[in-house]
Amino acid sequence: MLCAGSIDGEGRGTRATIAQNGPLAVRKIKEAVRERRAVRTKKRSESKNEIAREVMKSEDAKEGPRSFMEKRKPIYKGR
């Protein structure tokens, strides 16, 4: 099992190794990592929005508020 001190030490060693590389290469790698994260985040967001649109168009999405207004339990049909 690793303790926090050894993890910190490994982190310092990794930073030292990275610092030995050319500044331009390090900067470009950091940009690539940030860009990849942004793309993944955008894809996740698009996926969530697509799912939400599909759900909101469903009969069940209409049944929820309708049953609330009619003060009754909703009868969901999975459609």
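**Charged side chains, stop by stop**

Start with K30, R34, R36, R37, R40, R44 and K48, which gather on the surface in a patch of positive charge. The model is a predicted one.

Keep K48 selected. K48 sits in helix α2, which covers residues 23-56. With a relative accessible area of 58%, K48 is exposed, because the cut-off for that label is over 50%.

Next come the salt bridges, of which the structure holds four.

Select E31 and K28. These two form a salt bridge, with the closest N and O atoms 3.3 Å apart. Both residues belong to helix α2 and are three residues apart, about one turn of the helix. E31 is partly exposed at 37% relative accessible area, and K28 is also partly exposed, at 46%.

Move to helix α3, residues 59-69, and select E63 and R66. Their side chains meet in a salt bridge at 3.2 Å, N to O. Here too the spacing is three residues, about one turn of the helix. Is E63 buried or exposed? E63 has a relative accessible area of 7% and counts as buried, because that lies under the 20% cut-off. R66 is partly exposed, at 39%.

R72 is partly exposed, with a relative accessible area of 30%.

Definitions and conventions:
Residues numbered from 1 in each chain as written. Predicted model: local features only at pLDDT ≥ 70, side-chain atom pairs only at ≥ 80, totals over all residues. Heavy atoms only, no water. Patch = residues over 30% accessible without salt bridge, like charges linked within 9 Å, V, L, I, M, F, W, Y side chains within 5 Å. Areas by Shrake-Rupley, 256 points an atom, 1.4 Å probe, with all protein chains shown as cover. Lys, Arg positive; Asp, Glu negative; His and termini not counted. Charge placed at Lys NZ, Arg CZ, Asp CG, Glu CD. Helix = DSSP H or I, 4+ residues; strand = E, 2+ residues; numbered from the N terminus. Buried < 20%, exposed > 50% of the residue type's maximum accessible area, 1.4 Å probe, protein only.
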